[in-house]
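Have a look at the fold first, then read on.

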Amino acid sequence: MTDTFPIRDIKPEQAPEFFAVIGEAFNSSTPLDAAVQSELVTFEFGRSAAAFDGDKIVATSAALTFALSVPGGTVATAGVTDVAVLPAYRRRGIMSSMMGHLLADAAARGEPLAALFASEAGIYQRFGYGCASQSMRYEIRRGEGALIGLTAPGLPGPARITIVPPDQAVDDMAAVYAAAAATRPGAPARDERWWRTRIHDTAEQRGAASALRCLIAADASGPRGYALYSTVESWDRYGLAANELTVRELITVDPVAAAALWGDLLSRDLVGQVSTRSRPVDDPLLQLLADRRRARAVVNDNLWVRLVDVSGALAQRSYARDVDVVIEIADPVLPANAGRWRLTAAGADGASATASCERTSAGADVAVTAAALGAAYLGGTRLGALAAAGQVAELRPGALAQLSAAMSWDSAPWCPMVF
């Protein structure tokens, strides 16, 4: 198939054609010039993978270079993105060729992980990706956002809320994000390019919404939280305000800052509804709300993860408890990962957090697929739950519970931005 539709990196002058294919495949209404301008801020030409029919681009994919937060540290990760095939060229194996190309490139770069957001959840398991995190969306109507008081002893002092233009708040937001991401598996590190995209706010992007706005929660020691949001003006036929406020991103480093930001946003005058784009499943807001049902939470898949190098990936994360198991992995896409691996690690409170994952000829204790291992990797999907769904098999009594508990983690994994 690669002979019929060869896979090649694109050149800068081919960018408009590359993104036009994506727009066609995704039925996008964004003007092409605006899409190209936005995407090129973070695009890496040496990591693109386009399929060609002669000189014509018929399918696209790319990878982004990330340092992804994982339990106990960070791991170099290929962020797979821009995967699209023109309708007339589907069902010909082109996507499989592109995905193989990207995984081989990630392996050559020494990246133990690949991660992506799935436009359709049923596509990527066959390539060894598992749903490693989930996110929630809220719709909280006016008068339904009452918060309970903070009662735990030893909380930090109050945080002061100020409105700051987003482009003047990047340094404060970056400091908060870096501190929060260190304890949140699934959060990629952000450099200046990613902050530019996070606050990028053109008229084409926002449509009827207001310009992007920013709140900073801080005290004398510095910033402790921020919120990015926009509003859509609306009035009902009775003359009552029904404006919608959409929270694009809200990140904090302590519960006082979280309560201060949510308290401000949920008590705004003239706002009929506060909605969110993406929140973690362990979002403290659900514990802060006097009536959590009023969040009308909807859960969806978030980040999908694939182990490119089993040994490197499993050895570079931490574990919640001691573990010593032999894992048998089925991985037809990357045969170098297949076979039996002995994972040994001290728990997070042990004398050493160093883990080891080496090939072994010993009998297997647990059998997993590549997709199941990817789903469990960030600590949010329990192997026990996957076993109940027939995705994991216990071969030695007690081994599954040991491995499942060791791979679990607090906080729940979550990627706060779609890439």
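D254 caps the N-terminal end of α7, with a side-chain oxygen 3.0 Å from the backbone nitrogen of V256. Helix α7 itself covers residues 255-265, and its buried residues are V256, A257, A258, A259, L261, W262 and L265. Buried here means under 20% relative accessible area, while exposed means over 50% and partly exposed is in between, using a 1.4 Å probe and protein chains only. As for the names, helices (H or I, at least four residues) and strands (E, at least two) are DSSP runs, numbered from the N terminus.

A quick word on where this comes from: it's a predicted model, in which local features need pLDDT of at least 70 and side-chain atom pairs count only at pLDDT 80 or more, while totals for chains, interfaces and linings use all residues. Residues are numbered from 1 along each chain as its sequence is written, and side-chain values use heavy atoms, with hydrogens and water left out.

Now to α1 (residues 15-25) and α2 (residues 32-39): their axes come within 10 Å and cross at roughly 110°. That makes α1 roughly perpendicular to α2; angles of 65 to 115 degrees get that label, under 35 is roughly parallel, over 145 roughly antiparallel, and the rest oblique. The axes are lines fitted to C-alpha atoms, for helices over the stretch in contact, and angles run from 0 to 180 degrees between N-to-C directions. On the α1 side the contact is made by A15, P16, F19 and A20, and on the α2 side by L32, V36 and E39. Contact means heavy atoms within 4.5 Å. Sorted by class, the contact of α1 with α2 has six nonpolar, no polar and one charged residues. For that sorting, Ala, Val, Leu, Ile, Met, Phe, Trp, Tyr, Cys and Pro count as nonpolar, Asp, Glu, Lys and Arg as charged, and the others, Gly among them, as polar.

**The sheets**

Six strands make up an open sheet in the order β8-β13-β12-β11-β10-β9, with mixed pairing. β8 (139-141) and β9 (160-163) stand at the edges with a single partner strand each, so one side of each is left without a neighbour in the sheet. Neighbouring strands in this sheet are turned by 25° against each other on average, direction ignored. Helix α4 (residues 170-181) packs on the sheet and touches β10, β11 (222-232) and β12 (243-252), its direction making about 110° with that of β11.

There's also an open sheet of three strands, in the order β14-β7-β15, with antiparallel pairing. Its edge strands, β14 (279-280) and β15 (298-301), each pair on one side only.

Here are some of the strand pairs; two strands pair if DSSP finds at least two bridges between them.

| Strand pair | Sense | Bridges |
|---|---|---|
| β9 and β10 (residues 213-219) | antiparallel | four bridges |
| β5 (residues 113-116) and β16 | antiparallel | four bridges |
| β6 (residues 130-131) and β16 | antiparallel | two bridges |
| β7 (residues 134-137) and β15 | antiparallel | four bridges |
| β17 (residues 323-330) and β18 (residues 339-345) | antiparallel | seven bridges |
| β17 and β20 (residues 366-369) | parallel | four bridges |

If you want to find these pairs on screen, I161 stands opposite A217 in β10, and R137 stands opposite V298 in β15.

**Two buried residues**

Which residues does E111 touch? E111 sits in the loop between α3 (94-108) and β5, and counts as buried at 5% relative accessibility. Leaving aside neighbours within four places in sequence, E111 is in contact with R47, T65, A76, T77, A78, A106 and V308. The side chains of E111 and R47 are joined by a polar contact of 2.7 Å. A polar contact is a pair of N or O atoms within 3.5 Å; within protein, one must be able to donate a hydrogen and the other to accept it, and residues adjacent in sequence count only if both atoms are side-chain atoms.

W194, in helix α5 (residues 192-199), counts as buried at 7% relative accessibility. With neighbours within four places in sequence left aside, W194 is in contact with T42, L64, F66, M417 and F419. W194 and V41 are 153 residues apart in sequence but 8.0 Å apart in space, C-alpha to C-alpha.
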